[in-house]
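The sequence and structure are shown first.

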Amino acid sequence: MVNQTLETIKKLRTIHWDFNGKKVSDSDLRTIIEHGMRTAHSTNLADYAVVVIDDTEIIKKLVANTGNARCCIFCIDHTRTVAAMKLLGHDYTPVSSWCYLLADLYNVYALAQTSVIAAKSMGIDSLVTNGIFRVDINEAKKSLNLPEKYCFPVIAVLFGYSDKPEEEITGRISADHVLHFGGYNTASEDSLREIIGEMDKIYPEYIGGEYKHTLDWYFGEWLQNGTGELYSSDIQLRDTLIQSGYYF
């Protein structure tokens, strides 16, 4: 018997500029998020929010030119819990340690990824992007009308339809490089060369000219900040996170 869940996951793909403009309905979007919320949660308080944006100009500003899809911003959101605790007479600080923050980030990412799988099972494609962190984060919060405290955008997902053939699905490196049984195993030089070769097969379009391998392009052009120094946008992101109430 074919496992339909695994078949759906196998067909997951990223759509960049290939959404055809057909709109995902409100009811389908609700179904996607409702089933996304079935994912495991560290507290079951649902300390997240999903803001749906259809304004093309706002989408373009936040995540570039992908206005042919519906844009969902997945956020950490403790405002409901804080208000409920206050109503019950409790003094509640949402995030008091890195441990809790990491758990809350997991909750948001798990919601987003499970929503992506739910959408694919309905024939709806997606793009997961951190593009919101490449713009002024304070302006992003204003555009989304997010509360000043205890609410922060984490990841954007665009949901839509594409005419791109299903067989055009980018591969992944072998699970052999990722899966460790009995303890972590440091990658050997042979294993590293296998990874370099596998990436070349996944993204051959980036090989040529000055780039012998895909990873030469990746680290030479795409990930230009290899010095370990913070960008000004990183500093702003940190400061805005603190202003939003997430500090220890």
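In which strand is Asp77 found? The model, which is predicted, places Asp77 in strand E2, a strand that covers residues 70–77.

**The chain as a whole**

The chain contains nine helices and four strands. Read from the N terminus, its elements follow the order α-α-β-α-β-α-α-β-α-β-α-α-α. Along the principal axes, the C-alpha atoms occupy a box of roughly 60 × 40 × 40 Å. Of the 248 residues in the chain, 34% are buried. When contacts between residues at least 6 apart in sequence are considered, 79% of them link residues at least 24 apart.

Beyond residues up to four places away in sequence, Asp77 touches Asp47, Tyr48, Ala49, Tyr150 and Cys151.

Ser162 lies in a loop, namely the one between strand E4 (151–160) and helix H7 (189–202). Is Ser162 buried or exposed? With a relative accessible area of 16%, Ser162 is buried. A polar atom of the Ser162 side chain lies 3.0 Å from the backbone oxygen of Asp18, and the backbone nitrogen of Lys164 is likewise 3.0 Å from a polar atom of that side chain. Apart from neighbours within four places in sequence, the residues in contact with Ser162 are Arg13, Ile15, Asp18, Asn20 and Asp125.

**The packing of H2 and H5**

At what angle do helices H2 and H5 pack? Helix H2 (residues 26–36) and helix H5 (residues 98–121) meet at about 130°, and their axes are 8 Å apart. The two helices are therefore oblique to each other, and their crossing is right-handed. On the H2 side, the contact is formed by Ile32, Ile33, His35 and Gly36, while H5 contributes Leu111, Thr114, Ser115, Ala118 and Ala119. Five of the residues in this contact between H2 and H5 are nonpolar and four are polar, with no charged residue among them.

Terms used
Residues numbered from 1 in each chain as written. Predicted model: local features only at pLDDT ≥ 70, side-chain atom pairs only at ≥ 80, totals over all residues. Heavy atoms only, no water. Contact = heavy atoms within 4.5 Å. Axes fitted to C-alpha atoms, helices over the stretch in contact; angles between N-to-C directions. Parallel < 35°, antiparallel > 145°, perpendicular 65-115°, else oblique. Left-handed = near helix turned anticlockwise from the far one by under 90°. Nonpolar A, V, L, I, M, F, W, Y, C, P; charged D, E, K, R; others polar. Buried < 20%, exposed > 50% of the residue type's maximum accessible area, 1.4 Å probe, protein only. Polar contact = N/O pair within 3.5 Å; in protein donor to acceptor, adjacent residues only side chain to side chain.
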